[in-house]
Amino acid sequence: MKKYISDEKNGLDYTLVNGVYLPNLVSTETHYEIGIWGMRYYDYIKEHHPAFCTSLMVQCKLNMHLHEVDVRANEMYDTLITQLAEKQGVTEQLKADNQMLWVQKMTNIANQAREIVYNKVIYAR
């Protein structure tokens, strides 16, 4: 038996391993940088939607999908921080006048934004 063969019908190459021809599969997935939101989303789908997670892995689309979720979540988080700060009147003048109050308000805003991103992006499958 030949060590390597090619199938003209499907265009795949095969290698003989222990008497069985296995296809030479190469991942075509691009490796994107995954941030904290993408990692949190991965933990969520791995635990709560394992079939979906496995499907993305098999299709070599997991990294790309996590990257897209990460980008979307980051954009939403940044936008929410800006909008909530404007709505609640948190300005640079407040920061100059009363730093502790500014920190308290910005921490509250960050927590609100984080919770919204979790509910709208991370846990919304």
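This note sets out numbered points on the helices, the sheet and selected residues of a predicted model.

1. Three strands make up an open sheet whose order is 1-2-3, and their pairing is antiparallel. Strand 1 (4–6) and strand 3 (20–23) are the edge strands, each pairing on one side only. From one strand to the next, the twist averages 35°.

2. Strand 1 with strand 2. Strand 2 covers residues 13–17 and is joined to strand 1 by three bridges, the two strands running antiparallel.

3. Strand 2 with strand 3. These two strands also run antiparallel, and four bridges join them. Here Tyr-14 stands opposite Pro-23 in strand 3. The two strands form a hairpin with two residues between them.

4. Asn-18. This residue is found in the loop between strand 2 and strand 3. Its phi is positive, at about 55°, although Asn-18 is not a glycine. Is the residue buried or exposed? Asn-18 has a relative accessibility of 78% and therefore counts as exposed, since the cut-off for that class is over 50%.

5. Span of helix 1. Helix 1 comprises 13 residues, 36–48.

6. Buried side of helix 1. Which residues of helix 1 are buried? They are Trp-37, Gly-38, Tyr-41, Tyr-44 and Ile-45. Because these residues cover an arc of only 125° around the axis, they lie on the same side of helix 1. The buried residues pack against three elements, namely helix 2 (50–58), helix 3 (62–87) and helix 5 (99–122).

7. Helix 1 against helix 2. In general, two packed helices are described by the angle between their axes and the distance between the axes. For helix 1 and helix 2, the axes come within 5 Å and cross at roughly 115°. Helix 1 contributes Tyr-41, Tyr-42, Ile-45, Lys-46, Glu-47 and His-48 to the contact, while helix 2 contributes Pro-50, Phe-52, Cys-53, Leu-56 and Met-57. Sorted by class, the contact of helix 1 with helix 2 holds eight nonpolar, one polar and two charged residues. Tyr-41 and Ile-45 belong to this contact and are also among the buried residues of helix 1.

8. Cys-60. The loop between helix 2 and helix 3 contains Cys-60. Cys-60 has a positive phi of about 60°, although it is not a glycine. With a relative accessible area of 26%, Cys-60 is partly exposed, because that class lies between the cut-offs of 20% and 50%.

9. Lys-95. Helix 4 (residues 92–97) includes Lys-95. The relative accessible area of Lys-95 is 33%, which places the residue in the partly exposed class. How many residues separate Lys-95 and Met-106 in sequence? They are 11 residues apart, and their C-alpha atoms are 9.9 Å apart in space.

Conventions:
Residues are numbered from 1 along each chain as its sequence is written. This is a predicted model: local features need pLDDT of at least 70, side-chain atom pairs count only at pLDDT 80 or more; totals for chains, interfaces and linings use all residues. Side-chain values use heavy atoms; hydrogens and water are left out. The expected span of a helix is 1.5 Å times one less than its number of residues. Buried means under 20% relative accessible area, exposed over 50%, partly exposed in between (1.4 Å probe, protein chains only). The arc is that of the directions from the helix axis to the C-beta atoms. Contact means heavy atoms within 4.5 Å. Axes are lines fitted to C-alpha atoms, for helices over the stretch in contact, and angles run from 0 to 180 degrees between N-to-C directions. Ala, Val, Leu, Ile, Met, Phe, Trp, Tyr, Cys and Pro count as nonpolar, Asp, Glu, Lys and Arg as charged, and the others, Gly among them, as polar. Two strands pair if DSSP finds at least two bridges between them.
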